[in-house]
Amino acid sequence: MAHARFPERTADVAANLTSPVLGRPICSNGTPWILYLFEECVENVWEYWSVVIGLISMLCFLLSTLPQVYEAYRNGKVEEAMSFGFPLFLFSGDLSSLIGCVLTSQLPIQIVAVVFYIFTDLLLISQFLYYKIKNSSSRKHTMLRWLCFLWCATSTVALLILPKFITDNNTSVNTQSASNSVEISGYACGYLASIFYLSSRLPQIYKNFKRQSTEGTSYMLFALAMMGNGTYGLSVMVVLPALTGSKQTFILKHLAWLIGSLGVLLLDLIVTTQFIIYRKNRFSKTMKMMNVPEVEPLLFEEEELSTL
């Protein structure tokens, strides 16, 4: 999941929106709703569709974990189907992305989106721990169950407060982001987040291979993630024809997020292949089990006729 769409644009946008002449219209040819939400002056069709596709990507990420939460609630055995490394690496990647967004002075709507991603990660982790404890036979786990709920509630409250705290201190963040070292640190967090995102799929792929099954995991999680990562990469590439500066510099500044998005997209294709193969195997086993009761009586009847 890559979240920071245009890491380098905030300073440029702020400069474009500041008019030295009082009463002069600001971004007169731009799209009003994009200017209001993203403080971004979009004056051509390439930039417009880049923003729209980017919003579709964000929506896919926002919805991606909800099917898995429902699937875990429905079967109650998420610890058997999901590798704990999957939500843990997702959480680490989103946390690194949040730090990168703050250091590179991303817009409030982007920071709020990343905080929501972290909330859904904590929801997956809490749900995993809860069912791990619930399905265990140890008597000591009653206290741990309440601690799990307390941790989830505390995290929820903290994440509700965090966006307001970050946006209220946006002035000081912008001052710090003027430093090259802070900006480099922000991009380093972007590469670190990409590593975490790529690592998140590997434990789940191994778990599926070891079980020879994907039962208990929701495919919609990976399908929406693929849509989100694919549309994110498209949103970055579609703006290239409208660039007036160096396209190579633009791609290099987005490289960390592109590696994370497109790399995870390829790994999710492997997960998709696992879903197809293991579902076929489960279907064939079910058909064999259904045919067994029908064959055995016929064999018994043949034996009785032969004895007569």
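Which residues have the most contacts inside the largest nonpolar core? I started my notebook with that one. The core has 17 residues, and Val78, Phe86, Tyr197, Phe222 and Val271 are those with the most contacts inside it. My note on the term: a nonpolar core is a set of buried Ala, Val, Leu, Ile, Met, Phe, Trp, Tyr and Cys residues joined through side-chain atoms within 4.5 Å. Buried means under 20% relative accessible area, exposed means over 50%, and partly exposed is in between (1.4 Å probe, protein chains only).

**Ground rules**

I am looking at a predicted model, so local features need pLDDT of at least 70 and side-chain atom pairs count only at pLDDT 80 or more, while totals for chains, interfaces and linings use all residues. Residues are numbered from 1 along each chain as its sequence is written, and side-chain values use heavy atoms, with hydrogens and water left out.

**Entry: the whole chain**

I looked up the secondary structure and found 12 helices and zero strands. Helices (H or I, at least four residues) and strands (E, at least two) are DSSP runs, numbered from the N terminus. Of the 308 residues, 44% count as buried. I then checked contacts, meaning heavy atoms within 4.5 Å. Among those with a separation of 6 or more, 79% join residues 24 or more positions apart. The chain exposes about 17,100 Å², and carbon and sulfur atoms supply 68% of that. Such areas come from the Shrake-Rupley method with a 1.4 Å probe; for residues, only the protein chains shown count as cover.

Which helices each supply at least two residues of the 17-residue core? I noted helix 6 (85-103), helix 7 (108-134), helix 10 (180-211), helix 11 (219-237) and helix 12 (247-307). Helix 12 gives the largest share, four residues. Apart from this core lies another, of 12 residues, and Phe61, Leu98, Cys101 and Ile118 are among them.

Leaving out residues up to four places away in sequence, Val78 touches Gln68, Ala72, Gln127, Phe128 and Tyr131.

Leu124 sits in helix 7. Is Leu124 buried or exposed? Leu124 counts as buried because its relative accessibility is 2%. Not counting residues up to four places away, Leu124 touches Thr65, Gln68, Val69 and Pro87. I also checked Phe84: its C-alpha atom is 9.4 Å from that of Leu124, although the two are 40 residues apart along the chain.

Thr272 belongs to helix 12. With a relative accessible area of 15%, Thr272 is buried too. Its contacts, again skipping residues up to four places away, are Tyr219 and Met226.

**Entry: salt bridges**

How many salt bridges does a search of the whole structure find? The search finds two. To count, a side-chain nitrogen of Lys or Arg has to be within 4 Å of a carboxyl oxygen of Asp or Glu.

Arg74 pairs with Glu71, and their closest N and O atoms are 2.8 Å apart. They are about one helical turn from each other because they are three residues apart in helix 4 (residues 66-75). I noticed that Arg74 is exposed, at 52% relative accessible area, whereas Glu71 counts as buried at 14%.

Arg201 pairs with Asp268, with 2.6 Å between the closest N and O atoms. This pair links distant parts of the chain, as Arg201 is in helix 10 and Asp268 is in helix 12, 67 residues apart. Both Arg201 and Asp268 are buried.

**Entry: the surface and a loop**

I found a nonpolar surface patch of about 360 Å², made by Trp33, Tyr36 and Leu37. Patches are made of residues with over 30% relative accessible area and no salt bridge; like charges are joined within 9 Å, nonpolar side chains (Val, Leu, Ile, Met, Phe, Trp, Tyr) within 5 Å. Trp33 is in helix 2 (residues 32-38), and its relative accessible area of 33% makes Trp33 partly exposed.

Gln212 lies in the loop between helix 10 and helix 11. Its phi is near 55 degrees, a positive value in a residue other than glycine. Gln212 is partly exposed, at 41%.
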